[in-house]
Amino acid sequence: MNMTYDRIVYLLDVIVVATIIFFLGFLWYYLSYFVIATKKDKKFPKATKYAKFAILIPARNESKVIRNILKSFKDMKYPREFFDVFVITETEDDPTNKITDEAGFIHVVRKDLNGRRTKGFALDDCYKYIKEKGLVYDAYMIFDADNIVSDDYLDLMNDVYQQGYQVGVGYRSFTNATKNWICACSGTLFSFMNQFTSKGRSVLFKKATLSGTGYFLDARIVDECGGWIRNGMTEDVQLTTYCYYHNIKMYYYPFAKYYDEQAESFKILNKQHVRWVWGFFASRKTFKDQNIGKVYPPESKVKRFFSILEYSLSIYPFVVLTIVILIVCIISFGFAIGASVLNQPESGWLFAHSIFQFILLYMIFMFTSAFVLGIDNKNLKFSVGKSIVIVLTYMFFFSSFLIAFFRGLFNKKLRSSWGRIEHNGQIIDKQAVEVKDDKKR
């Protein structure tokens, strides 16, 4: 029996080591991103001309929260004649329409909802409305109803646009990251996406990570596609894919800040994660098709090759490493339990082997969260105590993604149904409160 345990555990260790080697083989962009994340951000010069923006806000039944973002745009420093705000709803009796009208902006009620309930279809309907009215814009900017926006956001995004970037996204901050543990861990995750993934991609490849809101898209790109064709469960992933394969210049600009409400309960969090996980794994073949839209000439074919390689690999090496270590940990633990029940002496070292694998996985998540908090706490502003709790428990927060995967796996309907996420509009983080109350002007 001893030889059996030895051989199996040896084989498991070989698999783990091989996976780590595989992971290290593709670590070049991870290492680059870690270095870039520590560098000082570069600010663009103030633009001398203004782009005209159309602000699109899908907001069905969002009367509880819509006032905050509309106030943000009423307080905007950007010249009023250079932007319009369109709030998109689904029924004429939605109170959101009246609130929008009272704020002096435009509400658009969708008419064709049959099989078109995702955010992407809402954006497409608004695009068609704009075209029907004969309105012309340089770029479309997307926000969610629960966002609030710094009063210099359009100014800063205009600076990005005038630098020749076709897509730009700002720093996603939070209205309630200090509310509880779930909100704080969500904030840490988005901070990682801001300062690690998006910043690294911008510097190396002139690309960025879009996460549903806070970005502008050059109007010509939408026109070239004949509308807002990215209308799946995760239209942001589809758009990011399109930008990579069509050589569209993107930029992450951390000086431009907007604020987003994080899920406050595990139930709501997991509902979001089901959509994100299965939207991420959905086929992107259509958006890689270079017969759709215009393919812009790459600045460098070598850079384009490595950017698509990085995007194709994305988080997969990390996911594979995590899954392999977790499986080895569980198998070792199972063997340890079996050996203990049979009163075999191998149970002790099998338990130790299982614990070692768990600690290895745990340390990966600890390091990642500690790194994020170390470089970005100027924005997150968590207390020392809360930061320690996040670092020690960050791995357990990610259990929601695993649960989301299995929920979608065994319930196909969840993978394709767009469920509304309830927002309460509570703003408690200090920076967000200052923006809401217009105290930074």
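Residues are called buried when their relative accessible area is under 20%, exposed when it is over 50% and partly exposed in between, with a 1.4 Å probe and protein chains only. Helices (H or I, at least four residues) and strands (E, at least two) are DSSP runs numbered from the N terminus. The model is predicted, and local features require pLDDT of at least 70, side-chain atom pairs count only at pLDDT 80 or more, and totals for chains, interfaces and linings use all residues. Residues are numbered from 1 along each chain as its sequence is written, and side-chain values use heavy atoms, with hydrogens and water left out.

In strand β1, 6 of the 6 residues are buried, so β1 is largely enclosed by the rest of the structure. Phe53, Ile55 and Ile57 point one way from the strand, while Ala54, Leu56 and Pro58 point the other way. β1 belongs to an open sheet of 8 strands with mixed pairing, in the order β3-β2-β1-β4-β7-β6-β8-β5; two strands pair if DSSP finds at least two bridges between them. Strands of a sheet pair through backbone hydrogen bonds, either parallel or antiparallel. The edges are formed by β3 (106-109) and β5 (148-149), each of which pairs on one side only. β1 and β2 run parallel and are joined by 6 bridges, with isoleucine 57 opposite valine 87 of β2. Valine 149 has tyrosine 258 of β8 as its bridge partner.

Helix α6 (residues 153-162) packs on this sheet, touching β1 (53-58), β2 (83-89), β4 (139-142), β5, β6 (167-174), β7 (215-218) and β8. The direction of α6 makes about 170 degrees with that of β8; axes are lines fitted to C-alpha atoms, for helices over the stretch in contact, and angles run from 0 to 180 degrees between N-to-C directions. Helix α7 lies across β6 and β8 and runs at about 155 degrees to β6. In helix α3 (residues 66-74), the buried residues are Ile66, Asn68, Ile69, Leu70, Ser72 and Phe73. These residues pack against β1, β2, α4 (95-102), β5, α6 and α18 (430-436).

Two helix pairs involve α7. The axes of α2 (residues 28-37) and α7 (residues 181-205) come within 8 Å and cross at roughly 100 degrees. The α2 side of the contact (heavy atoms within 4.5 Å) includes Trp28, Tyr33 and Phe34, and the α7 side includes Phe196, Arg201 and Leu204. The contact residues divide into 10 nonpolar, 4 polar and 2 charged. In this division Ala, Val, Leu, Ile, Met, Phe, Trp, Tyr, Cys and Pro count as nonpolar, Asp, Glu, Lys and Arg as charged, and the others, Gly among them, as polar. The axes of α7 and α15 are 10 Å apart, at an angle of about 80 degrees, and the two helices are therefore roughly perpendicular to each other. Among the residues making this contact are Trp181, Cys185 and Leu189 of α7 and Val389, Tyr394 and Phe397 of α15. The division here is 10 nonpolar, 3 polar and 1 charged.

A nonpolar core is a set of buried Ala, Val, Leu, Ile, Met, Phe, Trp, Tyr and Cys residues joined through side-chain atoms within 4.5 Å. The largest contains 78 residues, and those with the most contacts inside it are Leu56, Phe86, Ile130, Tyr140, Val167 and Trp228. Beyond its neighbours within four places in sequence, tryptophan 228 is in contact with Gly120, Leu123, Asp124, Tyr140, Ile142, Tyr215, Leu217 and Val222. Another core, of 36 residues, lies apart from it and includes Ile57, Ile69, Phe105 and Tyr153.

Several loop residues were also examined. Lysine 206, in the loop between α7 and β7, has a positive phi of about 55 degrees although it is not a glycine. At 23% relative accessibility, lysine 206 counts as partly exposed. Tyrosine 165 is in the loop between α6 and β6 and, at 10% relative accessibility, counts as buried. Leaving aside neighbours within four places in sequence, the contacts of tyrosine 165 include Phe44, Lys206 and Tyr251.

Notes:
Angles under 35 degrees count as roughly parallel, over 145 as roughly antiparallel, 65 to 115 as roughly perpendicular and the rest as oblique.
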